[in-house]
Each structure stands twice: as C-alpha cells, then as structure tokens.
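Here are some notes to read alongside the structure.

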Amino acid sequence: MAHTFADANHETNTIGLNQGGPHGLGDPNDKRLRKVEVEVLIPKIMRERAKTEKCLEEVQYFETCCKDAGILMPMKCQTENKALKACYLKWYNDEHFKAECREIYLEERAEYRRTGLSKKYRNMNL
C-alpha cells in the first residue's frame, strides 16, 4: 500500500518505505512523515503535552468546576472551558512546541523501528 508523505520534495513512489531496518519496520533514521503522522499522531502528542504540561492550571480549574457543577456543567463552566480552549489554542499555534512534539514523535518512531517494541512494551520491560 502506498503512503503519502507530508514533505512533497521526496519522490512520489513510496511503496516499501516501511520495509528494511533491523526489524523490517523501516529505516530508523528516516525523518519523512506520512500524512497520518502529521495530521493525527503528532497533534495527539501536542494535545497530551498541552494537557499534562502546559495548561495544568486551566485543566484543574475546569475539572473542579465540572465536579462541583454536576449536570449543570455545560452552563456553569463556560468561563473555565473558554480559558482551557484558549490555552490549548495558544500551544497548538506555537511553532517551537510543534517542532518539539515532532521530534518526540520521530524519536519514538525511530526507537520502535530499531527495537521492534512499541513505547508501551519498552516501558513494561524497564
């Protein structure tokens, strides 16, 4: 199956790019990204990092409001929700943050291609 890469400077025939490497999973040093990696996997890392590292205070305020408001949460927590969305948006639009998350993804993918073990299984073996 052909893969689409986000970087259009590379050749268009990409069949077999995820072959090779020590475990047949692709070249660990390949820095090219497929469309799904750019549009889904890297933004997932950005969301997780924004929630757990960058917007902690806003997340805590929103969670506290939701717990206190119960079923009335959609009406009572609008201010906290707007603040949380603004914080997320700030980080999603930060180019340096995007580059950090891209590098994190590329390092995880390279390690997977080198070892044949996903991050989940590597952490279990520690």
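1. The term salt bridge here stands for a side-chain nitrogen of Lys or Arg within 4 Å of a carboxyl oxygen of Asp or Glu. Are the two partners, Arg 32 and Asp 30, buried or exposed? Both Arg 32 and Asp 30 are buried. Buried means under 20% relative accessible area, exposed means over 50%, and partly exposed lies in between, using a 1.4 Å probe and protein chains only.

2. **What you are looking at.** This is a predicted model, in which local features need pLDDT of at least 70 and side-chain atom pairs count only at pLDDT 80 or more, while totals for chains, interfaces and linings use all residues. Residues are numbered from 1 along each chain as its sequence is written, and side-chain values use heavy atoms, with hydrogens and water left out.

3. **The overall layout.** The secondary structure of the protein chain comes to 6 helices and 0 strands. Read from the N terminus, the order of elements is α-α-α-α-α-α. Helices (H or I, at least four residues) and strands (E, at least two) are DSSP runs, numbered from the N terminus. Of the 126 residues in the protein chain, 25% count as buried. Among contacts with a separation of 6 or more, 63% come from residues 24 or more positions apart; a contact means heavy atoms within 4.5 Å.

4. A search of the whole structure finds 8 salt bridges. In one of them, the side chains of Glu 37 and Arg 109 meet at 3.1 Å, N to O. Glu 37 lies in helix α1 and Arg 109 in helix α5 (residues 95–115), so this pair ties together parts that are 72 residues apart in sequence. Glu 37 counts as buried, at 1% relative accessibility, and Arg 109 is buried too, with a relative accessible area of 8%.

5. Setting aside neighbours within four places in sequence, Glu 37 is in contact with Arg 32, Ile 42, Pro 43, Tyr 105 and Arg 109.

6. **A bridge within one helix.** The side chains of Glu 111 and Arg 114 also meet in a salt bridge (3.2 Å, N to O). These residues are 3 apart in helix α5, and are therefore separated by about one helical turn. Glu 111 counts as partly exposed, at 27% relative accessibility, and Arg 114 is partly exposed with a relative accessible area of 39%.

7. **Helix α2 and its two sides.** Helix α2 (residues 56–69) has 14 residues and reaches 20 Å from its first C-alpha to its last, close to the 20 Å expected at 1.5 Å a residue; the expected span is 1.5 Å times one less than the number of residues. The buried residues of α2 are Val 59, Phe 62, Cys 65 and Ala 69. They cover an arc of only 130° around the axis, which puts them on the same side of α2; the arc is that of the directions from the helix axis to the C-beta atoms. These buried residues pack against α1 (35–54), α3 (73–76) and α4 (78–92). On the other side of α2, Gln 60, Lys 67 and Asp 68 are exposed.

8. Thr 64 is found in helix α2 and counts as partly exposed, at 43% relative accessibility. Thr 64 and Glu 80 are 16 residues apart in sequence and 9.6 Å apart in space, C-alpha to C-alpha. Following α2 comes Gly 70, whose phi is positive, near 60°.

9. **A nonpolar patch.** Which residues form a nonpolar patch on the surface? They are Ile 71, Leu 72 and Met 75, with about 360 Å² of accessible area together. Patches are made of residues with over 30% relative accessible area and no salt bridge, with like charges joined within 9 Å and nonpolar side chains (Val, Leu, Ile, Met, Phe, Trp, Tyr) within 5 Å. Accessible areas come from the Shrake-Rupley method with a 1.4 Å probe, and for residues only the protein chains shown count as cover. Leu 72 is found in the loop between α2 and α3 and is partly exposed, with a relative accessible area of 36%.
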